[in-house]
Amino acid sequence: MGERTANVQPGNIGETICGLAEVIGSRRDADPEKSYTALLLQSGEDKVLKKVVEEAVEVALACKDRDHDHIRYEAADLIYHLLVALEYHGVGIDELAGELDARRK
Ligand SMILES: N=c1c2ncn([C@@H]3O[C@H](COP(=O)(O)OP(=O)(O)OP(=O)(O)O)[C@@H](O)[C@H]3O)c2ncn1[C@@H]1O[C@H](COP(=O)(O)O)[C@@H](O)[C@H]1O
């Protein structure tokens, strides 16, 4: 992370998000000096939520700039931080899938 990735190829969103959520969950008790996710999870709710809000603003600004690559980059940051917030509050990715599926017509 840290800079935009070149030549990004489309992936399978379900597998990607499930895999990421699993890694995030595995960092709950990890060493915060070795894992940014562990650092975030152990920093407390305010830090976790601040990052979600910051990244949401970054997505909005990238959209206003009509910058396709930047929108994709910031959306990935937002999804990562949202998944950290879900992990912090013990909301499973399967529960999120159930919520979204229940809304499908
Ligand atoms: N997807 C991500 C991801 N997206 C963004 N980030 C981090 O989120 C931070 C983005 O916040 P900022 O740009 O605001 O950076 P910052 O100012 O340094 O952050 P703060 O000091 O404000 O917390 C950066 O440090 C990024 O590296 C991520 N960190 C980790 N992941 C995934 O989580 C996995 C586990 O990561 P670790 O916990 O670090 O091992 C990785 O393999 C990735 O798959």
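1. Helices and strands here are DSSP runs, numbered from the N terminus; a helix needs at least four residues and a strand at least two. On that basis the protein chain reads α-α-α-α-α along the sequence. It has five helices and zero strands. The model is predicted.

2. Overall dimensions. The C-alpha trace of the protein chain spans about 40 × 40 × 25 Å along its principal axes. Of its 105 residues, 14% are buried. Take the contacts between residues at least 6 apart in sequence: 50% of them join residues at least 24 apart.

3. The rest of this note follows helix α4. This helix covers residues 68-88, which is 21 residues. Gly90 follows α4, and its phi is positive, near 70°.

4. Which residues of α4 are buried? They are Glu74, Leu78, Tyr80, His81, Leu83, Val84, Glu87 and Tyr88. A residue counts as buried when 20 or more other C-beta atoms lie within 10 Å of its own. Against what do the buried residues of α4 pack? Their partners are α1 (13-26), α2 (36-43) and α3 (45-64). An α-helix has 3.6 residues a turn, so residues three or four places apart point the same way.

5. A pair of packed helices is described by the angle between the axes and the distance between them. The next three points give both for each partner of α4.

6. α3 with α4. The two pack at an angle of about 160°, with their axes 8 Å apart. Angles over 145 degrees count as roughly antiparallel, so α3 and α4 are roughly antiparallel to each other. α3 passes α4 in a left-handed crossing. On the α3 side, the contact is made by Glu45, Val48, Leu49, Lys51, Val52, Glu55, Ala56, Glu58, Val59, Ala62 and Cys63. On the α4 side, it is made by His70, Ile71, Glu74, Ala75, Asp77, Leu78, His81, Leu82, Val84, Ala85 and Tyr88. By class, the residues of this contact are 14 nonpolar, two polar and six charged.

7. α2 with α4. The axes come within 10 Å and cross at roughly 50°. The two helices are therefore oblique to each other. The crossing of α2 past α4 is right-handed. Thr37, Leu40 and Leu41 of α2 meet Val84, Glu87 and Tyr88 of α4. This contact of α2 with α4 has four nonpolar residues, one polar and one charged.

8. α1 with α4. Here the packing angle is about 50° and the axes are 10 Å apart. α1 and α4 are therefore oblique to each other. α1 passes α4 in a right-handed crossing. The contact is made by Leu20, Ala21, Ile24 and Gly25 of α1, and by Tyr80, Leu83, Val84 and Glu87 of α4. Its classes are six nonpolar, one polar and one charged.

9. Val84 is among the α4 residues in the contact with α3, in the contact with α2 and in the contact with α1.

Note on methods:
Residues numbered from 1 in each chain as written. Predicted model: local features only at pLDDT ≥ 70, side-chain atom pairs only at ≥ 80, totals over all residues. Expected span 1.5 Å × (residues − 1). Buried ≥ 20, exposed ≤ 12 C-beta atoms within 10 Å, placed from the backbone. Contact = placed C-beta atoms within 7 Å. Axes fitted to C-alpha atoms, helices over the stretch in contact; angles between N-to-C directions. Parallel < 35°, antiparallel > 145°, perpendicular 65-115°, else oblique. Left-handed = near helix turned anticlockwise from the far one by under 90°. Nonpolar A, V, L, I, M, F, W, Y, C, P; charged D, E, K, R; others polar.
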